[in-house]
Every structure is written in C-alpha cells, then in structure tokens.
Amino acid sequence: DMKTDLNLLLECLKYQMDCPVSQKEALITIYSICQQNSEASEYFREIGGLMFINDLAKSSVHCIVKEAALFTLGVIIESNVYCQQTLCTSALFEDLILFLINKDSGVNLKRMSVYVILVLVSNNSNGQTYVRDTGCIGLLLQLFRTTLSASKMNLSDENANQCYQLWSSVCSTLCACVNNPQNEDNQNICCSVFPYAKEWLESCTEPGIVRPICSFVGLTVANNSYVQKYFVSVGGLDTLAKVLIKLMHDSCMSHSSTKLAVVVTKTLDACIANDSAMGVVLTKYHTVSELLKLLSNDTLDTGEKISIILTIGHCTEVCEENQCELLQNNGLPLMIQVLTESQDEELIKAATFVLQNCKQMTEQLSLKINGNSLNMNNAEELDTQVRKRSLQDYWKKAKEILHRINLIEKEHDEERVQGRVFVDRSSEDNTEASKYHEANPADPKTYIERTHKEVHCPQLTSKSDDQVLPPSVNSSPLKNEIVNTMNPVNASTRQSEQSNIPCSVNELRTDSVFQSHSINKKTTCVQNQSILQWIFFLPNLDQHLFYSDITREEKSTSATSASHKMADLRCIGCTAGGLSFNSKTFTKMLQSCPYQCDRHKVILEAEERYKKELRKSAVCNNNRYATYE
C-alpha cells in the first residue's frame, strides 16, 4: 500500500539521522514513489513529509543527504501543484541562494538547487516574482556567464561534464523564469547576458551548446520588442544567420545539423516576429535562400515546415530585398506546392501568409514599372535591378495568358450551347474521348513547343529594358504550369467535368510534381484557386498595362477615321461592335477580314487549335470503336 510505504519511509528518515546512507536510500525510495504521482505527493505533504525533507536539506551536515533531499523536493513539487504552492516562498529561494554561493557546495549540490528553482518557477507567476525579488535570477545569470568556458568543453572529462550539466540546468531555469507565463521584467533582466550568448554561438556550433542558447534567446526575446532590438544591436541576429549558413553547409553530411538548423530558424523568427523591418539585417546573408533550401529537405516534419515558412514570411513581410530573393530562388512555386499538397490547416495558413507578401510585392512592382526600387552603387547592384525589373514582364505575361484562357473557354461554352459541331458522338462518348485524350495527348512534345511560341514566356527579351530575364525565373516551374494551362484539350475536359466551377489548381500544376494527387482532393484545390489568381494575375491592375499596344493602334486609326480609305484598313472585329453575332458568324467575318488586329488574331489562332484538337479526338474515338467492333 502506497500510504503505508510513505509513512514507514518518513519514520525511517526521522530515526536514521546519524546514518546518512540509510537516509539517502529512504529519500530515493520516496521520490521513486512520488515521481509523476500527484496523489502520492499530496498524501506525503499531508503527513508532514514535505516540510520535514525541506528542513532536512537545510540542517543536514552530510552533502549526499542534502543532494538527495533537494532532488526529492524537486520531484514532489513537479508532481503536485499544491506542493509547489506550499514551498514557493521567499524563504526557500533565499536558502537555495545560500547553497549556490557557498564555496563548499559541490557542482552536483548546486545543480540540485537549480533544479528546485526550476520547478518552483515553472508555470508559476509567483515563483517568477520571487526569483526576481530575492535576487536569485541575478545569481543564475552569473552562473550562465561563468560556469562553462571553451577550455572546459571536453565533456569526456567528468568534472567538465558536471559543469556542463549545471550550465544546461541554468539555461533551462532561465527559460522558465521568462516564459509560461511571459514575464517582461525577467526578460529585460535576462537580456544582459546576450553578448555572452553571442560569443558562445560564434565559437561553438555543437548541439549541446546551440540548443540551450537558442531556447534561452528565443524565449527571452519572444513578444518583447525592446529585448529584440537589443539582441539585434549587439550583433546577435548576424551571428544566428552565420550559424544557419554553417549548419546548412554541414546538413549535407549530417541529419543532426538539419534539425539544429530548424532550431536556429525558430530563434531567428522569434527575433524579428514583432518587427519584421529588422529582417533587412538578414539580406546580406541570403537567409531566405538558405531557408528555402532547408524547407526542401525531405526529413522535416509538419511542425518544422511551419516554423520555416513563418520565418520566411516574417523575412519577406516588409523587406523588398528578401521578397526578390524569394522569387529569384523559385520560392513562389514551392509555396504553391505546400499550399496545394498539404492538408494541415496551420501549414496552409503559413504558406498563405508568404503568398500575401508576394501579392504586396507585385502591387509595388506594377507601380514602379519605369522606376528604380533600390539605389545603384555598383555593377552588381545594377544587374540585380535589371533582374527585378524583368519580373514585371513575368507578371504581365501571366495575366495575358489568363485572358487567353478565358477567351478559349468562352468559345467552348458557345460551342456547347449550339451543339457538338465536330464530334458526332453522344455526350458520354465525347466525355470519354476527352478524358482519353487528356491522358494521351497527340504528340505532346510538339504541342508544348508550339505553345511556347504562342505564349511569350519570361525567357524572351523584356520589352522595357531589352534584357534577358534571369535564369531563376526562366527555369521556374511556373512557366510549365502556364504552358499546361494553355492546352485546349485540358480546358475542354475541365469544362465538361466541372461545369461552371472555377478552374482548379490541379490545372496550374506540372504533372511531374503533382501527379500523386487524386481527384477527391479537387474541392480543396478549388478553394485555393482564388488565392493563386489573386497572386499571379493582379486583378487590380489597369487593363491598360496589358493592351496598351492595341489601344494605341485603335486611337491612331480613329484619329483619321474621316478618311474612308483608312477605315477600310481597320479590323472588322473592332469596327462591328454594335452588331449582333454568334460564334460562327463572328469567326467567318474575322476570317474574311485581311486586316486583323493582334487581339482577334489570337482569338482565331486559339479557335483553330481548339478545333484541330477536337478533330483529333474524334478520330481517336472512331479508331477505338472500330477496334472494339
């Protein structure tokens, strides 16, 4: 029986005062019973055992009894909140301070004292107040600075290992002093050791050093703008960025370096979360590109991915350089992949946060088409500016492609209303043929090449500055996504299967990346479509940006419209706006006109390609049915 055992053990402690070994064994048995057992701890408190052990720790002259008594107190306090409240007094903190400053106290006794402080302040605002008011937190900070040095990092040595264990316990206790609940007063006090933490990170990247320091720094700066600014002012953010670069270099050889890089990433995020403007410090270290590399690691779990994406979001929230670095390193397709593939709500929110930042950037670019966004100081910066300006055409072409897609789908709607003109099969046969053709497109290589010629992709020369777009943009998977979207057969199948439902994200993805997704995820993808169009196609941009050439041509023609000769040279599609046409008569009228404008040429070319694919589809159907018969 648990209660009987505790009563007997308490009696043993009382009557074995002259036998420290027996007392130590009794204490070990008590904490083994009370460990993670709230009921046993509460009963031991009720029979007076808790206060007896507290007095024993102060009065015993034997070091082994003091250590065992303090450890047993810590276990009982940790197991039961009532025991914590009973012992959480300024008197106990003062007794623990005496253990820590006593020259005769060994490293292990100091470690047990720090452990009791830890359990007293954990999840306890009263304990956080006592640790500050009694000056105990100042003593802990002194131990943080002096307990460990680079010369004592040989952990194979027993004494050095004990010092490290004490230092690690001090780090954990300081974390509890500032967090859960957050204590701003203690945060402001603890930031005084940031220069020492920075020196440790600069001199050592061992997990045993980096993890405790990152935890301490991250919790001390959390939601405290004053402490965050101080950490940046002493060079702490620069040091974290350098540590991340080193760990990313080592991560190619070590899985532990990858996990440690995630820890550093979380600390970086805590430092800039409340003031994203401080993210500009990270631009010179190309932190965004390092984070994108880290995000591509296959060994990360969902929580780690969320932390990395949130850090990218805070880096790019207000910093234009980081935003451009995100786009130039194919970060946008990676965010879209996360958004469309993940089923985790928090991960989707994090990716949406980054996409929102990209939207803000594209709006700024649309207002700076002919302006400079950065100061030019040397040739390297000039090349960077050319790359940024080239992105403007990237977005313009994206919207132009969307306009063409809408034209093709509108034509297809009209064809459906008037009946199947080129396919003589029933609606069931036609749907089957469309699906078959989508899975087996006729000569896809030739079609993709032809589509590349029709869609002026970013790899062509920019109109604004006659510069070739950067390879990072040219090689982007987004270009493949746009080409796949232009396939009229895909548009036909999409229209027949989904009726008036908006085009899902599945049509905007490359097959090689997203082929593992089944059709039952289509609903989720449809929900994300508005986000993608919102980002890529800039609905609030003036149409004049994309049809300025056509508008200028029409204005030039209208200026001389008094001359019948010049009027005859105008496109019939542009001059017949007041007449009523359907898709057949309008197409015939355009074909008869020798002077077609660029817009109506695109419409005719798209219709021809569409009809050609339907004819191929019909031939495929005929061949298949002939084979079956």
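Let's start with a charged residue that sits inside: Glu67 is buried, yet it has no salt bridge. The nearest side chain of opposite charge belongs to Lys24, and that is 6.2 Å away. Keep in mind that this is a predicted model, and that its average pLDDT is 74.

**Around Glu67**
- You'll find Glu67 in helix α5, which covers residues 63-79.
- What does the side chain of Glu67 join up with? It makes a polar contact of 3.1 Å with the side chain of Asn108.
- Asn108 also turns up in the list of contacts: setting aside neighbours within four places in sequence, Glu67 touches Asn108, Leu109 and Met112.

**Around Arg45**
- Arg45 is part of helix α3, made of residues 38-46.
- Is Arg45 buried, exposed or partly exposed? Its relative accessibility is 28%, so it counts as partly exposed, because that class runs between the 20% and 50% cut-offs.
- Arg45 and Cys83 are 38 residues apart in sequence, but their C-alpha atoms are 6.8 Å apart in space.
- Cys83 is also one of the contacts of Arg45 once neighbours within four places in sequence are left out; the others are Leu50, Tyr82 and Thr86.

**How confident is the prediction?**
- Across the protein, 63% of the residues have a pLDDT of at least 70.
- Residues 369-376 stay under 50 in pLDDT, and the model gives them 19 contacts beyond four places in sequence.
- Residues 420-568 also stay under 50, and here the model has 223 contacts beyond four places in sequence.

Note on methods:
Residues are numbered from 1 along each chain as its sequence is written. This is a predicted model: local features need pLDDT of at least 70, side-chain atom pairs count only at pLDDT 80 or more; totals for chains, interfaces and linings use all residues. Side-chain values use heavy atoms; hydrogens and water are left out. pLDDT is the predictor's confidence in each residue, from 0 to 100. Contact means heavy atoms within 4.5 Å. Helices (H or I, at least four residues) and strands (E, at least two) are DSSP runs, numbered from the N terminus. Buried means under 20% relative accessible area, exposed over 50%, partly exposed in between (1.4 Å probe, protein chains only). Lys and Arg count as positive and Asp and Glu as negative; His and the chain ends are not counted. A salt bridge is a side-chain nitrogen of Lys or Arg within 4 Å of a carboxyl oxygen of Asp or Glu. A polar contact is a pair of N or O atoms within 3.5 Å; within protein, one must be able to donate a hydrogen and the other to accept it, and residues adjacent in sequence count only if both atoms are side-chain atoms.
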